[in-house]
Amino acid sequence: MAIASVRPPAVAGQFYPADDRVLRAQIGEMLSSAVALDEAPMPKALVVPHAGYLYSGPVAATAYASLAPLRQQIRRVILLGPAHRMPVSGFALPAAQAFATPLGEIPIAREDWLALQQRPDMAVDDRPHALEHSLEVQLPFLQLCLDSFELVPLLVGRATPEATGELLEALWGGPETLIVISSDLSHYHPYHQASTCDRATVQQILLMHGGVDHEQACGATAVNGLIPVARRHGLVPRLLDLRNSGDTAGDRSRVVGYASIAFCDPLPDAALRH
């Protein structure tokens with residue numbers, strides 16, 4: 001079902017600033033404060049949080065700062081996130097041909113958009129995308145960290161990790177393609193309980209063990225789909241940041257967990273010896 005040719009921003013002014021100058025300044029400050037890993041290889045895939053920038057923005061910035069050397073190389077972004085607002089059977093692709101933010105419009109990758117419609121588990125429907133924040137909050141970061149790129153925005157609903165992995169494999173591409181999985185971690189536990197739970201979840205991902213559940217990560221289906229595909233491609237996960245809303249801007253009685261994880265090619269042997 002189509003609503004409009006351009007999907008307008010739904011959570012600008014709520015999850016992030018609606019004024020383009022304020023938005024640029026806020027993201028720029030978060031990126032400049034992000035600590036880069038020494039000798040970190042270039043990421044092929046990222047897992048990043050999707051709360052309001054006040055809460056998860058600094059954690060997301062550690063992932064996006066790692067894209068600086070790839071600014072001109074990445075021309076296509078595959079963006080998967082959970083559907084919070086409307087039930088989705090399988091996957092939902094927008095009918096819209098561009099996504100807009102206060103920073104401008106991002107075109108949908110037309111060839112992928114046409115090809116994906118051949119999947120029986122793919123719905124073309126603007127409605128689940130209309131108010132969804134899990135994809136939208138990633139877009140301003142991508143717009144400021146990359147040059148021109150096309151987008152494949154997919155909401156993940158009732159799908160299996162196997163189907164999600166098959167989808168990611170089909171869209172994997174080469175060095176021009178970045179995979180972004182949008183996911184927060186645990187929700188609304190006391191600070192210390194959440195910290196323990198989230199450390200265990202991150203360790204599970206770093207060990208490339210699937211079976212993450214939706215209590216551990218709201219984007220668990222996409223994370224579980226990514227892990228075996230990343231393993232087949234020889235990627236190595238690296239933790240970039242792990243915090244929660246009690247560390248960034250919220251109280252510590254009921255927190256939401258956030259992690260940034262990069263899936264990269266292995267470091268060369270010479271780098272490992274230093």
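Residues are numbered from 1 along each chain as its sequence is written. Because the model is predicted, local features need pLDDT of at least 70 and side-chain atom pairs count only at pLDDT 80 or more, while totals for chains, interfaces and linings use all residues.

**Exercise 1.** Work out how many helices and strands the chain has, and how its radius of gyration compares with the globule rule.

*Solution.* Start by counting: there are 10 helices and 12 strands, where helices (H or I, at least four residues) and strands (E, at least two) are DSSP runs numbered from the N terminus. Next, the radius of gyration is 17 Å, close to the 19 Å from the globule rule for 274 residues, so the chain is as compact as a globular protein of that length. Here the radius is taken over C-alpha atoms, and the rule is 2.2 Å times the number of residues to the power 0.38.

**Exercise 2.** Find which strands pair with β5, and in which sense.

*Solution.* Strands pair if DSSP finds at least two bridges between them. Take β1 (residues 6-7): it pairs with β5 in the parallel sense over 2 bridges, and Val6 stands opposite Ala98. Then take β6 (residues 104-107): its pairing with β5 is antiparallel, over 4 bridges, with Ile106 as the bridge partner of Phe99.

**Exercise 3.** List the buried residues of helix α6 (residues 161-171).

*Solution.* Buried means under 20% relative accessible area (1.4 Å probe, protein chains only). The list is Ala163, Thr164, Gly165, Leu167, Leu168 and Leu171.

Definitions and conventions: Side-chain values use heavy atoms; hydrogens and water are left out. Buried means under 20% relative accessible area, exposed over 50%, partly exposed in between (1.4 Å probe, protein chains only).
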